[in-house]
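Colleague: I have a new model open and would like a quick tour. Can we go through it piece by piece?

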Amino acid sequence: SAGYDMATGSEMNGSGNLMDFLEESVPEVGMYEDFYTIDWLREKSRDTDRHRKITSRSKESLWERIKGLLDAWSGWVVMLLIGLLAGTLAGVIDLAVDWMTDLKEGVCLAGFWFSHEQCCWTSNETTFEDRDKCPQWKTWSELLVGQPEGASAYILNYLIYVLWALTFSFLGVSLVKMFAPYACGSGIPEIKTILSGFIIRGYLGKWTLLIKTVTLVLAVSSGLSLGKEGPLVHVACCCGNLFCCLFSKYSKNEGKRREVLSAAAAAGVSVAFGAPIGGVLFSLEEVSYYFPLKTLWRSFFAALVAAFTLRSINPFGNSRLVLFYVEYHTPWYMAELVPFILLGVFGGLWGTLFIRGNIAWCRKRKNTKLGRYPVLEVIAVTAITAIFAFPNQYTRQSTSELISELFNDCGALESSQLCDYINDPNMTRPVDDIPDRAAGPGVYAAIWQLALALIFKIVITIFTFGMKMPSGLFIPSMAVGAIAGRMVGIGVEQMAYHHHDWFIFRSWCRPGADCVTPGLYAMVGAAACLGGVTRMTVSLVVIMFELTGGLEYIVPLMAAAVTSKWVADAFGKVGIYEAHIHLNGYPFLDSKDEFRHRTLATDVMRPRRTEPPLSVLTQGSMTVEDVEALIKDTDYNGFPVVVTKESERLIGFVQRRDLIPAIRNARKVQDGVVSNSIVYFTEDPPPLLGNSPCPLKLWRILNLSPFTVTDHTPMETVVDIFRKLGLRQCLVTRSGRLLGILTKKDVLRHMAQMANQDPESIMFN
């Protein structure tokens with residue numbers, strides 16, 4: 001009846017001596033099995049006991065005091081190590097992606113390990129206008145057939161581009177399939193679930209870390225419509241888990257370990273976007289379940305170290321932490337809030353479309369034969385992506401470079417097609433303040449290509465996210481928003497240029513002034529689309545202005561983020577990560593969900609009327625053999641202890657994982673304990689009669705304060721208790737008599753039933 005999470009243990013009676021007893025005689029205690037929910041209250045009380053012990057010992061000698069200080073510092077040491085490793089890995093990934101993306105188009109003769117940009121840095125023949133052309137860099141057609149231009153050169157470059165893309169993605173998916181199946185996807189839905197107290201063994205393991213880092217480079221380089229930002233959070237959490245093993249304080253306490261993982265998630269976003277404060281807020285708003293103030297400071301420190309490490313590696317060679325750093329010089333005007341809010345609406349609609357389309361596709365993958373051929377699926381999607389991406393210059397380049405180009409303001413020295421404006425020969429103005437000008441043929445051609453790129457990105461991203469490859473969602477979502485935003489920006493700019501006498505433009509846009517910055521619209525559109533998909537608000541705005549350095553544009557970003565959230569929430573409350581959690585059936589009680597139904601604990605508790613009665617232990621009338629038989633015949637995670645089976649008066653609760661080792665140890669250590677020995681859950685068992693065997697006293701593993709509710713407690717309150725205390729189960733009583741049990745799984749099933757979903761979708765047994 002109790003499914004997988006029938007076990008608890010809150011404040012232990014005689015808390016100090018319980019752990020002493022268990023550590024001496026029950027070595028296996030405290031380990032959780034795979035796919036189990038941890039018991040937050042028990043973990044907290046164990047940590048309190050440990051603290052109390054350290055404090056009392058530190059008064060005894062200087063050495064114990066030093067040990068106490070080292071223990072207090074261990075948290076900061078772990079944060080330092082996480083920051084260093086996460087920053088280093090992010091820098092290496094950035095450099096490798098840069099090189100491998102360029103490898104699809106050509107190779108550097110000065111040294112094949114140079115990317116296109118690095119190759120031309122070292123060249124003396126490079127001019128500023130043609131800074132991406134230099135004799136050392138050869139495209140594949142120049143290298144193989146000696147022709148830089150022409151139809152045959154184009155076809156050869158096309159073929160080699162597709163071949164490299166297929167090679168990278170095949171390598172990536174094969175590594176994931178063979179060595180670390182958990183390295184696929186974004187990782188954020190699973191990390192949210194793990195931080196809420198669920199155990200997925202191996203998800204943050206060493207192999208996952210290694211394979212995810214390597215395959216992330218391959219996945220991004222293959223040109224698939226995915227980003228590295230989400231997976232970097234997973235990579236940083238793997239680093240956190242790795243360093244937890246160094247300190248018993250974290251390795252032996254799952255609750256403490258989750259504090260470290262929350263901070264690691266912040267470091268992950270910090271290096272993904274070069275946004276340390278945004279990372280801390282992301283961890284707080286989006287992924288963490290339990291986030292005490294101490295974790296906030298440690299997250300801040302980890303994010304700082306990670307950003308500092310990445311800055312010292314300097315992967316982009318521009319002393320910035322991100323590829324798309326921009327600086328705009330023009331202010332924005334009130335009238336521009338209208339297009340900004342419209343971009344917010346677009347972001348919300350795109351978010352809804354993406355979540356519905358992607359979840360439908362992932363469900364199809366799960367329930368049909370498609371799921372059996374992950375390698376073929378990745379190869380097919382890569383082939384389609386590469387074939388359609390190559391002809392369009394905006395989809396051929398890496399998504400980060402595309403966003404960078406869309407965010408850019410057109411300066412005097414820009415050679416991009418997007419900056420092909422018609423210059424007025426009579427204008428004499430300083431270089432940095434270029435007035436609004438009429439769009440030239442290049443801009444119109446670019447708008448066509450961008451429109452095609454937008455449709456392509458919208459469609460392909462739906463099928464790409466969720467494949468058996470590491471795939472982030474931030475960059476593709478931002479690309480969709482940035483393309484839409486840039487197109488809107490150019491439209492507004494041209495309207496302001498040609499119709500500056502209109503009422504809306506007259507007050508702020510005079511002829512010959514630089515009024516509208518199209519790059520700003522791209523930035524706002526990117527924020528809107530990212531908000532529509534993930535439903536972030538505060539952390540999103542902070543990440544965006546840290547990412548672009550556009551501090552004075554907080555208001556447009558906030559307007560777009562809030563609008564996109566409102567619009568997307570109108571169609572469905574769940575963001576993409578929650579949707580994937582529901583799809584995979586993880587036992588996650590979302591704090592954002594509201595339970596408004598008027599059911600009572602008695603309607604949900606087990607056993608139901610048709611089911612056999614609850615399996616219980618009695619205080620002093622069962623033999624060792626009876627208890628062992630009960631353990632063998634059931635797979636419950638714990639048993640309520642009652643005075644007698646007739647009275648059903650509740651005394652406490654015993655964990656299965658404490659009971660088994662306690663009996664095994666007693667049989668080894670205690671003389672006279674045999675199968676027909678009576679098991680007592682009382683402090684003072686009655687005196688022995690004549691030749692009866694030696695009793696087994698298990699009072700010390702009994703939790704005398706299990707969490708109980710009465711049968712008439714509203715489920716709204718029960719859901720709140722489970723959510724806020726992180727319970728695994730709760731006993732239901734009426735005037736002291738035990739009636740039944742409520743587990744986290746029962747609560748989730750009931751919530752699914754009330755929301756007209758399939759209650760069996762909560763499938764993690």
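Colleague: Let's start with D746. Is D746 buried or exposed?

Modeller: D746 is buried, with a relative accessible area of 4%. Buried means under 20% relative accessible area, exposed means over 50%, and partly exposed is in between (1.4 Å probe, protein chains only). A word on the source: this is a predicted model, where local features need pLDDT of at least 70, side-chain atom pairs count only at pLDDT 80 or more, and totals for chains, interfaces and linings use all residues. Residues are numbered from 1 along each chain as its sequence is written, and side-chain values use heavy atoms, with hydrogens and water left out.

Colleague: Which residue forms a salt bridge with D746?

Modeller: R606 does, and the closest N and O atoms are 3.0 Å apart. The pair links distant parts of the chain, 140 residues apart. R606 sits in the loop between α25 and β5, while D746 is in helix α29 (residues 744-754). Helices (H or I, at least four residues) and strands (E, at least two) are DSSP runs, numbered from the N terminus.

Colleague: What counts as a salt bridge?

Modeller: A side-chain nitrogen of Lys or Arg within 4 Å of a carboxyl oxygen of Asp or Glu. Side chains of opposite charge can pair when their charged atoms come close.

Colleague: What else does R606 do?

Modeller: R606 also forms a salt bridge with E611, with the closest N and O atoms 3.5 Å apart. R606 counts as buried because its relative accessibility is 15%. E611 has 27%, so E611 is partly exposed. There is also a cis peptide bond between R606 and P607, with omega about -5°.

Colleague: How many salt bridges does the structure hold?

Modeller: It holds 26 salt bridges. Some link up: D47, R50, D71, K256, E259 and K294 form a network.

Colleague: New topic. Which domains is the protein divided into?

Modeller: Domain 1 (80-313), domain 2 (336-422 + 436-584) and domain 3 (601-755). The bounds come from an automatic or database domain assignment.

Colleague: How far apart are the C-alpha centres of domain 1 and domain 2?

Modeller: They lie 21 Å apart. The contact takes 52 residues from domain 1 and 50 residues from domain 2. Contact means heavy atoms within 4.5 Å.

Colleague: What area is buried between domain 1 and domain 2?

Modeller: About 4,300 Å², and carbon and sulfur atoms give 69% of it. Buried area is the accessible area (1.4 Å probe) that two parts lose on being put together, summed over both. The rule finds one salt bridge across this interface.

Colleague: Now the outside. Which residues form the nonpolar patch on the surface?

Modeller: M178, F179, W207, L210 and V214, with about 540 Å² of accessible area together. Helices α6 (151-179) and α8 (206-221) each give two or more residues. The largest share, three residues, comes from α8. M178 lies in α6, and M178 counts as exposed because its relative accessibility is 60%.

Colleague: How is a patch picked?

Modeller: Its residues have over 30% relative accessible area and no salt bridge; like charges are joined within 9 Å, nonpolar side chains (Val, Leu, Ile, Met, Phe, Trp, Tyr) within 5 Å. The areas come from the Shrake-Rupley method with a 1.4 Å probe, and for residues only the protein chains shown count as cover.

Colleague: Last one. Is V233 buried or exposed?

Modeller: V233 is buried, at 1%. V233 lies in helix α9 (residues 229-244). Beyond its neighbours within four places in sequence, V233 is in contact with I188, I191, A265, G268, V269 and F282.
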